[in-house]
Amino acid sequence: MTDEQQIGFERGTDGPRVVLAGIDGSPSGWRAAAYAAGLARRQNATLALVYIQPYMAASVAAGLNAALLTEELAEEFTHQITAAIENLRALGGVRWDFHTFRGDPYYGLVTAARDLKADAVVVGASESIGHKLIGSMAVRLVKRGLWPVTVVP
């Protein structure tokens, strides 16, 4: 038996309980958060907003304090997210949590979805040229096959 089976967790019962939205500050990331907030509101689910703090190897090489920079970015995102969620309260309210993790965005979202027991994952469409080489985050999440994944343009 897996850990999830032992504690009685069943993914997707009676609609989603946790809708995870990966945010990165991009326009498509904010649209994904708004879409996920609407989904969470309609399903009476908790919205888990997740920001993966990237490792900043270049700043370390330049002698800058990477931990301080990533904490400042996370704090800035917290303020932006709080302001955006305040606007959603007028629509009937959304239960939400904000989580930050450090590392690779793909593995960070997989870990967050697993740890938060997400029933659905919503991400913005990739705006990076690099996804052509290693695949977009959304495609990689879909191939993982553990959650329904919605990609917001």
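In what order do the strands of the open sheet come, and with what pairing? I started there, keeping in mind that this is a predicted model.

**Entry 1**

I read the order as 3-2-1-4-5, an open sheet of 5 strands with parallel pairing. Strand 3 (95–102) and strand 5 (149–152) are at the edges with a single partner strand each, so one side of each has no neighbour in the sheet.

Strand 4 and strand 5 run parallel and are joined by 4 bridges. Across that pairing I found valine 122 opposite threonine 150 in strand 5.

**Entry 2: helices on the sheet**

Helix 7 (residues 137–144) packs on the sheet and touches strand 4 and strand 5. I noted its direction at about 165 degrees to that of strand 5. Helix 5 lies across strand 1 (18–23), strand 2, strand 3 and strand 4. Against strand 2, helix 5 runs at about 150 degrees.

**Entry 3: the whole chain**

I stepped back for the tally, which is 7 helices and 5 strands. Reading from the N terminus, I get α-β-α-β-α-α-β-α-β-α-α-β for the protein chain. Of its 153 residues, 37% count as buried. I then checked contacts between residues at least 6 apart in sequence: 77% of them join residues at least 24 apart.

**Entry 4: helix 2**

Does the length of helix 2 agree or disagree with what its 17 residues should span? It agrees: at 1.5 Å a residue I expect 24 Å, and the end C-alpha atoms are 24 Å apart. I listed the buried residues of this helix too: Ser28, Gly29, Ala32, Ala33, Ala36, Ala37, Gly38, Leu39 and Ala40. A reminder to myself on that spacing: an α-helix has 3.6 residues a turn, so residues three or four places apart point the same way.

**Entry 5: positive phi**

Most residues other than glycine have a negative phi, and I went looking for exceptions. Asparagine 44 follows helix 2 with a positive phi, near 55 degrees. This asparagine sits in the loop between helix 2 (27–43) and strand 2 (46–53). I have asparagine 44 down as exposed, because its relative accessible area is 56% and the cut-off is over 50%.

Lysine 117 is another non-glycine residue with a positive phi, again near 55 degrees. Its place is the loop between helix 5 (105–115) and strand 4 (120–124). Lysine 117 comes out as partly exposed, with a relative accessible area of 28%.

**Entry 6: the tyrosines and an arginine**

How many aromatic pairs does the count come to? I get 1 aromatic pair. The rings are those of tyrosine 106 and tyrosine 107, with centres 4.9 Å apart and planes at 70 degrees, so I log the pair as edge-to-face. That call needs planes over 60 degrees apart.

Is tyrosine 106 buried or exposed? Tyrosine 106 is buried, at 7% relative accessible area.

Then I checked for a charge over these rings. Arginine 140 lies over the face of tyrosine 106, 4.1 Å from the ring centre. Arginine 140 also lies over the face of tyrosine 107, there at 5.9 Å from the ring centre.

Technical notes:
Residues numbered from 1 in each chain as written. Predicted model: local features only at pLDDT ≥ 70, side-chain atom pairs only at ≥ 80, totals over all residues. Heavy atoms only, no water. Phe/Tyr/Trp six-rings, centres within 6.5 Å; stacked < 30°, edge-to-face > 60°. Buried < 20%, exposed > 50% of the residue type's maximum accessible area, 1.4 Å probe, protein only. Lys NZ or Arg CZ within 6 Å of the ring centre and 35° of its normal. Helix = DSSP H or I, 4+ residues; strand = E, 2+ residues; numbered from the N terminus. Pairing = 2+ DSSP bridges. Contact = heavy atoms within 4.5 Å. Axes fitted to C-alpha atoms, helices over the stretch in contact; angles between N-to-C directions. Expected span 1.5 Å × (residues − 1).
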